[in-house]
Amino acid sequence: MISTASTIYARDSTMTLPSNPTHSDPLTLDTRLPRSERDQSLQEEEEGRATVELANIITTTSNPVSPGSSSPPLDQVGLQDFIPPTRPSSTPFPHPDPRNATVRRATCPAEDLMDLDEPGHCQPPAGALPGPSQSIGVNLNHLPAEIHECILDHLFGFRVSPASKSSIVRWGTALRHSRRRELSELSLVSSVWRILIQERLYRHIKLKATIGSLRSSFSWFCQNPHLRCYVKHIEVWFPVFQPKYGPLAVSNTNVLPTVTADGLTNATYLLPGNNCSLEEAFYFVAETFPEVSVLTLEGGERKKAPKVRHWIREERGQLRAMPKVETVRTLICKGQWNLIRSLQDWEAIMSALPNLQEWHGSYSKPKSKSYLTMAEVLGQPMSLSTLNLCIEGDYRRELSFPHYFNKVRTKVHFCSTLAQAAALPSMEHISYTGRVCKQFFIDLVHRLKDIRNPRLKSIDITVKNCCRNVAHWNESGSGITDMFFIKAFEALVLAGIRSLEKLTSVKYLRIRYVDLDSPVPPLNPYFQLRNGWASGVWSDVIVSELNRVRPSVRFEELSESFGEVGYSKDGRMVINPDFPRARALSLKLSNYRLLSGGISISHSV
């Protein structure tokens, strides 16, 4: 190979380009020739040079593959076939692309400027470059759609898809944007923004459930039909008060007058008389919004609140059907006592929503009839995948069981009925706020033992109090200083952990007690299992049971004390004002005995 390379270099050194009589330098271009002839001559020279180099390679006499004598002198050239070795498969580009025989020479602007015999060849056509007074025609509409979305998401907030399956989404507390009127002016910026902003403004709308409001809304969307498809979430709220205006107020009255467009008047509030029925509301939603998927019904709350009418005409003894809204997947009922007071009310609403998958129901005030009605409803077959029920959401501790709950205990054990709803074959997420005990998990495991592949993935329970049998009324309270409640809460957590042995599909479990009046909120007991980690209350029994049913789960922290706390001489716990406000990851249940004597806050520096 060394001799072959030396032969190539030797022959290259003897090669000269065809000389020109005018230009002695072989690398100088003849600018007097036309460009077409000059390119053709350069192409012929390059082809000739490539032919010479190829001939030098082919006529080499030294072959490293076949044995033979040493290389002959440079002046002796013998023809011999050369077989190149096979390229290994690991070599990049094992099969080179065949190149076109016509080699075109790439030009650069610097070489074009050398062509002085063709004036105007390098000059661009007139009007190709913008002048000093001209501007490039680029505006806001030329930006990518993602840029527009990011700008408007920053102003309006990030949107959540109505079809989202995340359990974090709380449609019951979803609110519209507070600055809708101000942000509506942004639709005048450009035609692109008008469409994007209208999608956001009409994505979630709220209407008053009166006949006049529905008529005006129907008229508006008939005049603007392109807005109908933007509506994904609609709220229909039924007023429980109706103002009745009296005569004009005089200056010597002691009652603060109401300012209206007609002047100063005195008003009294009565029961509403122009509310529409649920039948009319469902008909309006079905005929107006073809892509609505989330429906909120707000029944309102007041003392002796009226029940929302379900039908236009209350005719008993006749079978009637609600207008069907096929596209609604999520139903949110606020003030549910005014909407559902019997099993027949629930059946009428469910008949209008045949494709319902999520149901979020909340009550404004606790009632015995709320528990009794829901106990009857939850015992019915349903095809829900998500159930979020809040019966008592005041988040306050109590000294003993209230009278209305004692009435419920004599008729039904609500925990067993709640377990029946959680054991539905289609149920995936269940969230409950109210009174519950360990019987919920015991019955849940018993009902799911015959189901081969349960779908239940998450259980979220907020405890108002733990129902239990007590000998005295003062043993039925709740709070971190009540050891009877702490023991019942421990039994509830233990039952939940033991149920995980059968509920293999459950990946998220949270059991918590919330007391807004607690002197130390971080000490409110809770247990949480998420992403293979556990936190909250613990004891030796809880740790051993968790290791048995879920060996891969570990506690994030196991602390023997509550942290920055102290004790006075009389045994009362003294809390440092600098106690961390964040939730504690470890709460040993035996330490709650020290709180039964009371808690005092230390104000010493």
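Which residues of helix 7 are buried? They are S213, L214, S217 and F221, where buried means under 20% relative accessible area and exposed over 50%, with partly exposed in between (1.4 Å probe, protein chains only). This is a predicted model, in which local features need pLDDT of at least 70 and side-chain atom pairs count only at pLDDT 80 or more, while totals for chains, interfaces and linings use all residues. Residues are numbered from 1 along each chain as its sequence is written, and side-chain values use heavy atoms, leaving out hydrogens and water.

**Overall picture**

- The protein has 15 helices and 19 strands; these are DSSP runs numbered from the N terminus, with helices being H or I of at least four residues and strands being E of at least two.
- Of the 605 residues in the protein, 39% are buried.
- Looking at contacts (heavy atoms within 4.5 Å) between residues at least 6 apart in sequence, 73% join residues at least 24 apart.

**Helix 7**

- Helix 7 covers residues 211-223, and its 13 residues reach 19 Å from first C-alpha to last, close to the 18 Å expected at 1.5 Å a residue; the expected span is 1.5 Å times one less than the number of residues.
- The buried residues S213, L214, S217 and F221 lie on the same side of helix 7 because they cover an arc of only 95 degrees around the axis, the arc being that of the directions from the helix axis to the C-beta atoms.
- Strand 1 (204-208) and helix 8 (278-288) are what these buried residues pack against.
- On the face turned away from the buried side, helix 7 carries the exposed residues R215 and Q223.

**The largest nonpolar core**

- A nonpolar core is a set of buried Ala, Val, Leu, Ile, Met, Phe, Trp, Tyr and Cys residues joined through side-chain atoms within 4.5 Å.
- The largest one holds 121 residues, and I234, W359, F440 and I459 touch the most other members.
- Helix 14 (residues 483-499) gives the most to this core, with ten residues.
- Leaving aside residues up to four places away in sequence, W359 touches a set of residues including L331, C333, I340, W346, M374 and L387.

**Helix 14**

- Twelve of the 17 residues of helix 14 are buried, so the helix is largely enclosed by the rest of the structure.
- Its end C-alpha atoms are 24 Å apart, which agrees with the 24 Å that 17 residues should span at 1.5 Å a residue.
- Elements covering its buried residues include helix 13 (439-448), strand 11 (458-465), strand 12 (508-513) and helix 15 (540-549).

**Aromatic rings**

- The structure holds twelve aromatic pairs; rings of Phe, Tyr and Trp (its six-membered ring) pair if their centres lie within 6.5 Å, and planes under 30 degrees apart count as stacked, over 60 as edge-to-face and the rest as tilted.
- W346 and W359 form a tilted pair, 6.5 Å centre to centre with 35 degrees between the planes.
- This pair links W346 in helix 9 (residues 343-352) with W359 in strand 8 (residues 358-362), 13 residues apart, and both residues are buried.
- F485 and F489 have ring centres 6.1 Å apart and planes at 45 degrees, so that pair is tilted.
- Both F485 and F489 lie in helix 14, four residues apart, about one turn of the helix, and both are buried.
- Ring pairs also link Y371, F401, F405, F414 and Y432 into a cluster.
- The charged end of R435 sits over the ring of F405, 4.9 Å from its centre; the criterion is NZ of Lys or CZ of Arg within 6 Å of the ring centre and within 35 degrees of the ring normal.
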